[in-house]
Amino acid sequence: MPAIAGDREAVRRIAYELVETKAKEGVIYVEIRYSPHLLANCHVDPIPWGQTEGDLTPDEVVNLVNQGLQDGERDFRIKARSILCCMRHMPSWSPEVVELCKKYRNNSVVAIDLAGDENAKVDNASEHKKAYEEAERCGIHRTVHAGEAGPPAMIKEAVYHLKAERIGHGYHVLEDPELYKELLRAKMHFEVCPWSSYLTGACHPDFGKHPLTQFKKDRANYSINTDDPLIFNSNIDKDYGIVKDYMGFTEEDFKRVNINAAQSSFLPEKEKQELLNTLYAAYGMDPSAS
């Protein structure tokens, strides 16, 4: 990010080219997440990456990303939406993140996220908590990175404290069988990233022992995703290849995973139904059987 932060043309262009990349991977709908503040160099404290102060605000970053995504949608004929991230180590940014979610909610932005070091717990008075309360009040969708490196308590915090509708990663939920049972019953959606979890050491290095094998067995609600494709040098084929080769995923399993992903997407209901219908048609599935 330091290479492009503060550069209007670069910010717009990488959003556009990301849509192009996803289209080439055969993706028809993507939710892209990022922190607007980490790409800005103005109205942000501290200014990230040691940049000198300029005139690109977090608000304009979102606007530029939206332009890139929308141009990409038009040119590559897939649907792209974004999720704006609060950063755990920067609670002072969170009030603006939720305001940007509100401002652009009908313009590419579909949800709020909380990312960063899980050692930073969220207390009742924190700006993260207030931002999530405001998001819930306004009907803005909510996801939280939790239980990737952190313990099950972080997932509890995300679900019960921040009212998350999806959990980013969530692998360590298996260490709390009661919580896991509750979340299975509630059909909580887990955003699973196999290759990333291997590289970060979030899970056992043997893919046969990955929490995803348990999720699959229990028919949990989860999706398979790339995580930081540039950092991890990955695409969706790599993650699909891992679960096929090491976890025995079949064609039927992939269909089910993608139906789950569409059903748990943060699209408005009408667009979500259109996405599901596209998948049902492509998979030759009867919608009533899913």
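Student: What makes K216 count as lying over the face of F249?

Tutor: A charge sits over a ring if NZ of Lys or CZ of Arg is within 6 Å of the ring centre and within 35 degrees of the ring normal. K216 lies over the face of F249 at 5.4 Å from the ring centre, and R166 lies over the face of F266 at 3.8 Å from the ring centre. This is a predicted model, where local features need pLDDT of at least 70, side-chain atom pairs count only at pLDDT 80 or more, and totals for chains, interfaces and linings use all residues. Residues are numbered from 1 along each chain as its sequence is written, and side-chain values use heavy atoms, leaving out hydrogens and water.

Student: How many aromatic pairs does the structure hold, and why is the pair W195 and Y198 called stacked?

Tutor: There are nine aromatic pairs. Rings of Phe, Tyr and Trp (its six-membered ring) pair if their centres lie within 6.5 Å; planes under 30 degrees apart count as stacked, over 60 as edge-to-face and the rest as tilted. The centres of W195 and Y198 are 5.5 Å apart and their planes lie at 20°, so this pair is stacked.

Student: Why is W195 called buried?

Tutor: Buried means under 20% relative accessible area, exposed over 50%, and partly exposed in between (1.4 Å probe, protein chains only). W195 has 18%, so W195 is buried, whereas Y198, at 37%, is partly exposed.

Student: What makes the aromatic pair of F249 and F254 tilted?

Tutor: Their planes make 45°, with 5.7 Å centre to centre, and that makes the pair tilted. F249 is buried at 5% relative accessibility, and F254 is buried at 12%.
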